[in-house]
Amino acid sequence: MTFKQAISLRNILIILCTFILILLGQKAFRIEDKIQAVHEGDRLYAAGDLISAENQYRLAAANPSILYKEEEVAAKLKELAPITAIRSGLKTLVLKVSQQLDTKDFTGFMESYAALLSLKTEYMQPGGSYESYYRQLSADSGLSGQFSAGFQQFKSQFLTELGTSQSGSGNEDSGDSFKWNLLRIPDTFYGGSPAKEKLLAGSFQAHDTVKLKELAAAGSFDALLDSALSMMDAYKSHTYNASWVQEQAEASAKKMLGGDLDSDSYAAFTGHAVSYRKFAASASLDSSKVLTLIDSSLAKLMKSAARLVRGGQYAEAVQLYSDLTGLQDTTEDIAAARIAWNAAEPVRLLPGGEEQGKYAHVVSVTGRYGAKVAVAGTDSSGVLYFADMSEDGIVSTRTGEVIAGFENLRNLAFDDKLSALSEVPVVVAESSREDGRTSFTAYQIKPEGISQLFSFAGNSYTLQPDDDHAIFVENAIVENGGDGLTAVYRLTEGVYQFSEIHQEQEYPQISAIELELHPFEKVTLHCDIYIDSSGRSVASSDGRLIVLQGNTGSVTGLALVSGQFLNSFEYVETDTGMQYLPVFVADSLESMSLVLP
């Protein structure tokens with residue numbers, strides 16, 4: 001080993017020895033501290049200063065430098081464990097509260113306050129063994145002042161947030177949490193329950209009223225009610241009575257509903273009223289000035305609609321009833337108004353009848369043909385339409401054909417006599433003619449459709465009830481006939497067809513030479529009758545031959561034959577050859593041959 005190496009080793013040993021001596025010195029001091037702590041604890045315990053004694057025993061127990069009266073110290077600490085628990089609990093809370101105030105953790109702060117109350121409840125019972133120790137430890141911790149300052153800090157923060165939210169510049173996502181946080185702060189930090197109630201009620205009311213008034217001013221009726229209901233539910237969930245919310249909601253709703261009524265905005269009134277009824281039901285409002293307003297206004301509007309119907313203002317009545325449908329079932333009222341409207345303006349029953357000017361000619365009747373209203377009309381193209389409405393408002397329509405000569409149509413009319421005969425409505429169209437006569441066309445309105453009953457021209461027509469319901473047409477136009485005659489039309493297979501010319505007197509006797517001058521007239525001829533080889537009755541009169549048809553029987557010889565010439569001719573083989581002879585239809589035949597007894 002060299003000198004240098006020896007010197008280095010010696011230095012190391014010196015250093016190690018020095019370090020050991022230091023450690024031994026420290027241990028000696030620690031041993032002394034523990035022994036002193038135990039002795040001081042015993043002294044304090046004996047003097048009755050348990051809080052200080054517990055602190056000394058705790059220091060001794062935490063000093064592992066020497067085993068000294070360990071069991072005695074442990075026993076003392078066990079005895080003084082409540083003081084240890086109080087000291088530890090308060091210390092933990094001091095640290096937590098400090099951190100929660102720094103981070104503005106109100107929820108955690110309230111949890112700490114609850115923990116303090118729990119600790120206080122356990123160890124600060126009046127007359128309890130540790131009441132005085134708790135008071136001393138609490139005062140030493142400064143926790144009470146820390147909580148007092150913290151609640152004042154949070155109260156100021158939440159009141160500021162409340163005011164900011166009221167002005168509309170707050171965070172909408174935060175909701176109204178500041179309200180409920182303010183409610184959670186104990187009364188004592190407001191100066192007592194009355195002071196807290198006064199401050200919060202005033203602040204909450206100012207905040208809520210501004211919010212609701214803003215929504216009302218913006219015309220947001222549903223949003224107003226939704227906001228009010230949300231506020232009411234929130235207050236209810238926090239067991240807080242905020243009567244001003246309902247009062248402001250009612251005041252704003254009443255004002256807005258009144259505005260609807262004043263401006264005759266009945267559809268808007270209905271929408272708002274329905275929303276308010278839903279709001280009242282959700283809020284469990286048994287009575288409300290707004291509900292009373294809605295009910296009374298609805299009753300007045302229903303009466304107004306009924307007056308409009310009576311006054312013939314049907315469109316306005318139907319519109320008002322329709323506007324009120326959301327508040328009350330007005331289906332029947334609307335139907336009744338439409339029935340009255342259709343009865344007053346029957347043209348509305350026809351297809352497209354609500355279109356002004358669609359129908360050029362219209363005729364209607366009420367209380368006939370088993371209908372409340374029946375109407376017929378022609379459109380611009382001359383098509384005939386018919387519609388009827390039953391007592392319960394059921395409407396049926398039929399479409400007919402284009403009326404011949406509709407360009408000259410001057411009148412449509414229901415013919416009650418023909419209707420009674422046909423047992424269905426009969427509509428007669430009257431059109432002007434250049435010769436001054438009138439063209440009459442009648443239509444039967446059957447369930448399956450419209451069919452023509454007759455068509456003729458003349459001055460007028462008359463239904464003859466005692467003559468098989470024949471129709472006499474005055475100054476009728478008869479093919480191959482003369483003017484000024486009265487034509488007779490008879491019902492044949494459901495349609496009126498020309499039958500004969502009507503004559504007031506008995507059949508006049510004329511010359512056979514004039515036969516063609518009296519077509520369809522009932523006349524009498526003086527004839528000599530014989531039966532030809534074909535078994536046909538042939539009459540000779542005034543030098544000409546005539547074929548007889550009709551009621552001729554087997555009479556031959558001289559006779560008076562009454563009947564009509566119907567503009568009909570037949571080829572007949574005679575003594576002079578084939579001839580084209582007029583046909584005379586006999587109604588009666590009177591033989592003039594002498595019959596001997």
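This tour visits a helix pair, a lysine and a surface patch in a predicted model. Residues are numbered from 1 along each chain as its sequence is written. Local features need pLDDT of at least 70 and side-chain atom pairs count only at pLDDT 80 or more, while totals for chains, interfaces and linings use all residues; side-chain values use heavy atoms, without hydrogens and water.

Begin by selecting helix H5 (residues 106–123) and helix H7 (residues 143–166); helices (H or I, at least four residues) and strands (E, at least two) are DSSP runs, numbered from the N terminus. The two axes come within 12 Å and cross at roughly 145°, with axes being lines fitted to C-alpha atoms over the stretch in contact and angles running from 0 to 180 degrees between N-to-C directions. Next, display the side of H5 that includes Phe 106, Phe 109 and Tyr 113, and the residues of H7 that include Phe 147, Phe 151 and Phe 154; these belong to the two sets that meet (contact: heavy atoms within 4.5 Å).

Move to Lys 179 in helix H8 (residues 177–184). Lys 179 counts as buried because its relative accessibility is 1% (buried is under 20% relative accessible area, exposed over 50%, partly exposed in between; 1.4 Å probe, protein chains only). Leaving aside residues up to four places away in sequence, Lys 179 touches Leu 162, Phe 204, His 207, Asp 208 and Tyr 235.

Finally, select Tyr 580 in strand E17, which is partly exposed at 48% relative accessibility. Strand E17 (577–591) and strand E16 (557–574) each supply at least two residues of a nonpolar patch.
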